[in-house]
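Student: I have a model open and would like to learn how to read its features. Could you take me through them in order?

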Amino acid sequence: MRVFVAFALTGLLGLTGCGSTPPVSQKAAGPVDQVVVKKSERRIELLSRGQVVRKYRVALGGSPNGHKYREGDQRTPVGDYVLNWRNPRSNYYKAIHISYPNEQDKFVSRQLGFNPGGMIMLHGFPNYIQSESMRRLYTNTDWTHGCIAVQNHEIDEIWNLVPDGTPIRIMP
C-alpha cells in the first residue's frame, strides 16, 4: 500500500512541473474559444471568454510586415480566419491549418494579378532540426514562409487546448 501511495504522489508531483507559461487562469471557465496573433509584438494569445489564458512568442514569415497578397511573398496574413484542421505528420512538429485565403483575400489577390497562396499553418519547428543550439537560433528569428511558428512544447499545449473551428484573428 505504501508503495502505491508513493507512486501516486510522485505522479501528482510530476504533473506540476515547470512550464514556460502560467497554468490556465482560474478565472477562465471553459475551453479556448479565440486565438489572437499580434504580429508587431510577435505574440499569440489563447483566450477563453475574453480572458487571456496562455501567450507565446511567435516567429512569422521572413517578410512579416503587411498583409499577404501572393504566394511566395514570405508574409503572414492579416485578418479573421479559423483554425480548421490538423496535421500531426507535417514537415513541422504538429501543424494546425489557418483558413487563409478567405473570399476577400482571393478577390483582392486576383485583382492584383496574383495567386493568394494558401497552406498557412500554426506549427512547431521543422522536423529536421534536432540540435538544441539550432532550435535557439530559430526561436528569435522570423523564419517561416508565412506561417506562425512556436516552440514544440508550446504547439503541444495549443494542440491540446484549441479545438478545430476556433476563430483566429491575425493583427498587424
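The dialogue below goes from confidence to fold, then to the cores and a single loop residue.

Student: What should I know before I start?

Tutor: This is a predicted model, in which local features need pLDDT of at least 70 and side-chain atom pairs count only at pLDDT 80 or more, while totals for chains, interfaces and linings use all residues. Residues are numbered from 1 along each chain as its sequence is written, and side-chain values use heavy atoms, with hydrogens and water left out.

Student: How do I read the confidence, and which stretch has a pLDDT below 50?

Tutor: pLDDT is the predictor's confidence in each residue, from 0 to 100. Where it is low, the predicted coordinates should not be read in detail. Here the mean for the protein chain is 84, and 83% of its residues reach 70 or more. Residues 1-29 fall below 50. Beyond near neighbours in sequence, that stretch has 19 contacts in the model. A contact means heavy atoms within 4.5 Å.

Student: How many helices and strands are there in the protein chain?

Tutor: Helices (H or I, at least four residues) and strands (E, at least two) are DSSP runs, numbered from the N terminus. This protein chain has four helices and eight strands. From the N terminus on, the elements run α-β-β-β-β-β-α-β-α-β-α-β. Among contacts with a separation of 6 or more, 64% come from residues 24 or more positions apart.

Student: What is the order of the strands in the sheet?

Tutor: Two strands pair if DSSP finds at least two bridges between them. The eight strands form an open sheet in the order β3-β2-β1-β8-β4-β5-β6-β7, with mixed pairing. β3 (51-57) and β7 (148-149) stand at the edges with a single partner strand each, so one side of each has no neighbour in the sheet.

Student: Take me along it. Which sense does the pairing of β1 and β2 have?

Tutor: β1 (residues 34-38) and β2 are antiparallel, over five bridges. V37 has I44 in β2 as its bridge partner. Their hairpin has four residues between the strands, and R42 there takes a positive phi near 55 degrees. β2 and β3 are also antiparallel, over six bridges.

Student: How do I read burial, and why is β2 largely enclosed?

Tutor: Buried means under 20% relative accessible area, exposed over 50%, partly exposed in between (1.4 Å probe, protein chains only). Of the 172 residues, 37% count as buried. In β2 (residues 43-48), five of the six residues are buried, so the strand is largely enclosed by the rest of the structure.

Student: Which residues have the most contacts inside the largest nonpolar core?

Tutor: In soluble globular proteins, nonpolar side chains tend to be buried together. A nonpolar core is a set of buried Ala, Val, Leu, Ile, Met, Phe, Trp, Tyr and Cys residues joined through side-chain atoms within 4.5 Å. The largest here has 24 residues, and I98, L122 and I158 have the most contacts inside it. β1, β2, β3, β4, β5, α4 (152-161) and β8 each supply at least two residues. α4 gives the most, with three. L122 touches residues including I44, I96, I98, I155 and I158, not counting residues up to four places away in sequence. A second, separate core of six residues includes F125, I129, Y138 and A149.

Student: Last one. Is S90 buried or exposed?

Tutor: S90 is buried, at 12% relative accessible area. S90 lies in the loop between β4 and β5. A polar atom of its side chain is 2.7 Å from the backbone nitrogen of Y92. S90 also touches A95 and N127, not counting residues up to four places away in sequence.

Technical notes
Polar contact = N/O pair within 3.5 Å; in protein donor to acceptor, adjacent residues only side chain to side chain.
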